[in-house]
Amino acid sequence: MTDRDHRVLDAAIVVFARYGPRKATMGDIAEQAGISRQTLYARYANKAEIMVAAMELISERVVESVSDAWKDASSIGECIDIFLDLAISRFFDQIRQMPDASDLLTGHSEGARAVQAIADKTKVRLLSELFETRAEMLTSRGSSPREFAEFFYSSASTFKFTARDSAHLRQLLATLKQTTMFMLGEAHA
């Protein structure tokens with residue numbers, strides 16, 4: 001991806017956040033990126049294509065941020081906190097403030113849903129690798145690193161859409177972390 005692509009996609013993310021994916025226009029995106037509409041259309045056929053590319057970029061950035069932050073983490077609990085902050089909590093306020101936010105984050109087109117499915121699998125893989133260090137404990141409790149990663153990610157992701165407010169989100173994520181730490185053998189019942 002070129003620097004221009006990054007600039008266009010960053011502009012698209014800003015425009016989608018401001019107007020919502022449904023009301024944003026190619027002209028809005030071009031203006032925000034500081035390029036002509038013709039230049040934008042030369043690279044992206046339509047708004048749906050830009051949305052798919054923006055979703056890919058957001059997902060790549062989240063996974064990269066989590067992976068980088070995990071390098072400095074000193075415990076599995078800290079890794080869980082990092083994941084919940086970077087992959088879940090940071091999007092919660094954006095979802096609440098953005099018109100049609102769920103379109104950008106869950107995809108309203110077939111292409112966007114496919115990108116989201118790949119992004120979800122990547123995050124589950126990342127969590128599965130984290131939980132692999134506790135595979136024996138998870139197995140003794142009737143799960144596997146992959147299964148538990150899927151449970152953890154599905155639960156946390158759902159909370160972005162079901163939490164009533166920030167305090168409720170924090171409470172839900174804290175409960176999920178407690179459950180996770182117990183399953184990993186890091187906490188006592």
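S59 sits in helix α4; helices here are DSSP runs of H or I with at least four residues, strands are E runs of at least two, and both are numbered from the N terminus. With a relative accessibility of 10%, S59 counts as buried. The cut-offs are under 20% relative accessible area for buried, over 50% for exposed, and partly exposed in between, using a 1.4 Å probe and protein chains only. Beyond its neighbours within four places in sequence, S59 is in contact with A119 and K123, where contact means heavy atoms within 4.5 Å.

A word on the model itself: it is predicted, so local features need pLDDT of at least 70 and side-chain atom pairs count only at pLDDT 80 or more, while totals for chains, interfaces and linings use all residues. Residues are numbered from 1 along each chain as its sequence is written, and side-chain values use heavy atoms, with hydrogens and water left out.

## The overall layout

There are 10 helices in this protein and zero strands, so the secondary structure pattern along the sequence reads α-α-α-α-α-α-α-α-α-α. Taken along the principal axes, the C-alpha atoms fill a box of roughly 60 × 35 × 30 Å. Of the 189 residues, 46% count as buried. Among contacts with a separation of 6 or more, 65% come from residues 24 or more positions apart.

The accessible surface is about 9900 Å², and carbon and sulfur atoms hold 50% of it; areas come from the Shrake-Rupley method with a 1.4 Å probe, and for residues only the protein chains shown count as cover. As for charge, the protein has 23 positive and 26 negative charges, and their mean positions are 5 Å apart. Lys and Arg count as positive and Asp and Glu as negative, with His and the chain ends not counted; each charge is placed at NZ of Lys, CZ of Arg, CG of Asp or CD of Glu.

## The nonpolar core

The largest nonpolar core holds 62 residues, and L40, I50, W70, F83 and F131 touch the most other members. Such a core is a set of buried Ala, Val, Leu, Ile, Met, Phe, Trp, Tyr and Cys residues joined through side-chain atoms within 4.5 Å. Two or more residues come from each of α1 (3-19), α2 (26-33), α4 (47-70), α5 (76-97), α7 (110-131), α9 (145-162) and α10 (166-183). In soluble globular proteins, nonpolar side chains tend to be buried together.

Setting aside residues up to four places away in sequence, F83 touches V66, W70, I88, K123, L127, F152 and Y153.

α1 has 17 residues and spans 24 Å from first to last C-alpha, close to the 24 Å expected at 1.5 Å a residue; the expected span is 1.5 Å times one less than the number of residues. Its buried residues are D5, V8, L9, A11, A12, I13, V15 and F16. Just after α1, G20 takes a positive phi of about 90°.

Over in α2 there is A33, buried at 7% relative accessibility. A33 and A11 are 22 residues apart in sequence but 5.1 Å apart in space, C-alpha to C-alpha. Leaving out neighbours within four places in sequence, A33 is in contact with R7, V8 and A11. A30, also in α2, is buried with a relative accessible area of 1%. From A30 to A12 the C-alpha distance is 8.3 Å, across 18 residues of sequence. With neighbours within four places excluded, A30 is in contact with I35, S36, R37 and L40.

## Helix α9 and its surroundings

α9 has 18 residues and reaches 25 Å between its first and last C-alpha, close to the 26 Å expected at 1.5 Å a residue. Buried in α9 are P145, F148, A149, F152, Y153, S155, A156, S157, F159 and K160, and the buried residues of this helix pack against α5, α7, α8 (135-140) and α10.

On the α5 side, S89 is partly exposed, with a relative accessible area of 26%. S89 and K160 are 71 residues apart in sequence and 7.4 Å apart in space, C-alpha to C-alpha. Not counting residues up to four places away in sequence, S89 touches L84, L169 and L173.

I118 lies in helix α7 and is exposed, with a relative accessible area of 56%. Between I118 and R43 there are 23 Å in space, C-alpha to C-alpha, and the two are 75 residues apart in sequence.
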